[in-house]
Amino acid sequence: MTLLAVSLPGLAALGALLFTWMQVGQASKELRISEQGQITNRFNAAVGNLGSSSLDIRLGGIYALQRIMQDSVRDHPTVVSVLAAFAQQHAGSSIKSLAEPRGGAYDHVPKPDVRAAIATLARRDPDGDAGTVVDLSSTDLRGLRFPGTAPIALPEVSLYQADLRSANLNSANLRQADLRYANLDDAWLEGADLRGAHMAGSSLSVTTLKRANLRGADLSCAGVVMVEGGEVKRADCVDLKDAQLDNADLRDAKLSDADLSGATLTGADLRGADLTRSNLSNADFRGARLTGVNLTGAKRTGALGLP
């Protein structure tokens with residue numbers, strides 16, 4: 001009886017503590033439900049603003065989605081998909097832009113809301129994507145620029161058949177990006193991280209790739225065609241004519257049949273790269289500047305213009 005009498009206050013305190021813990025848990029659960037409801041309302045309002053005819057309201061919707069992406073891990077992938085779809089729709093198709101004369105790329109600038117949407121995607125934390133791909137394929141992105149000095153993070157982005165002529169992507173993280181058939185003529189990719197990028201069939205004429213990391217990138221031909229006599233010819237090969245690749249890292253890159261005539265490769269690292277040339281290709285290195293190039297272990301069968 002004495003022991004029971006002594007224990008009663010402790011048991012009462014324990015019961016009170018347990019009751020308090022249950023109340024706190026219930027309150028926390030209700031708070032989370034309330035927060036999710038608020039985020040859902042914010043999301044719906046922001047998406048609604050994207051359809052406005054007013055530029056200011058559309059921009060407000062984009063920045064509201066940016067805030068939601070930062071606040072809600074669960075909604076991060078959905079916001080990425082919405083912003084990418086918005087940019088694709090409002091930027092226009094690259095099929096139409098690529099039919100225009102080359103000179104038109106120099107004066108073209110994407111619309112302010114398109115720039116804001118892509119900048120938001122480029123400054124997000126890619127770790128929260130949960131496998132969601134930033135899809136900007138077949139999009140007219142001529143003259144794309146990013147404000148400020150914040151890093152551009154677009155790893156694994158799909159820029160298949162995109163028109164990126166005269167775009168500025170200096171120091172961008174484009175690892176494992178899909179750049180097949182993309183047009184990057186006159187673009188700036190100085191110091192860009194293009195490791196493992198898929199660039200077959202792309203055009204990179206007069207493109208600045210100084211100090212770019214292209215280790216393991218695929219810059220080979222994208223297709224084949226049948227010619228007279230039943231012979232197979234490689235088609236849609238990468239155009240790197242007059243490109244600037246000074247001090248670029250091209251170790252283990254696939255450059256078979258790529259056209260590097262007139263390109264500048266001073267100090268470039270081509271160790272282990274595939275530089276072979278097939279019998280039915282016109283690609284070569286003639287006229288390229290090769291001072292200080294490291295060709296150790298590179299495959300050079302049939303290559304023209306190489307020492």
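## Basis of the description

Helices, of at least four residues, and strands, of at least two, are DSSP runs numbered from the N terminus. The model described here is predicted.

## The disulfide

The structure contains one disulfide. Cys-221 and Cys-237 form this link, with their sulfur atoms 1.9 Å apart. The pair joins distant parts of the chain, the two cysteines being 16 residues apart. Cys-221 lies in the loop between helix H6 (112-122) and strand S1 (223-226), whereas Cys-237 belongs to the segment after strand S2 (232-235). The link of Cys-221 and Cys-237 is right-handed, with 95 degrees about the S-S bond.

The two cysteines fall into separate accessibility classes. Cys-221 has a relative accessible area of 10% and is therefore buried, because buried means under 20%. Cys-237 has a relative accessible area of 26% and is partly exposed.

With a relative accessibility of 0%, Thr-139 counts as buried.

The side chain of Thr-139 reaches the backbone oxygen of Ser-137 at 3.0 Å. When residues up to four places away in sequence are not counted, Thr-139 touches Ala-87, Gln-88, Ala-91, Gly-92 and Ser-94, together with Ala-162 and Asp-163.

Terms used
Residues are numbered from 1 along each chain as its sequence is written. This is a predicted model: local features need pLDDT of at least 70, side-chain atom pairs count only at pLDDT 80 or more; totals for chains, interfaces and linings use all residues. Side-chain values use heavy atoms; hydrogens and water are left out. A disulfide is a pair of cysteine sulfur atoms within 2.5 Å. Buried means under 20% relative accessible area, exposed over 50%, partly exposed in between (1.4 Å probe, protein chains only). A polar contact is a pair of N or O atoms within 3.5 Å; within protein, one must be able to donate a hydrogen and the other to accept it, and residues adjacent in sequence count only if both atoms are side-chain atoms. Contact means heavy atoms within 4.5 Å.
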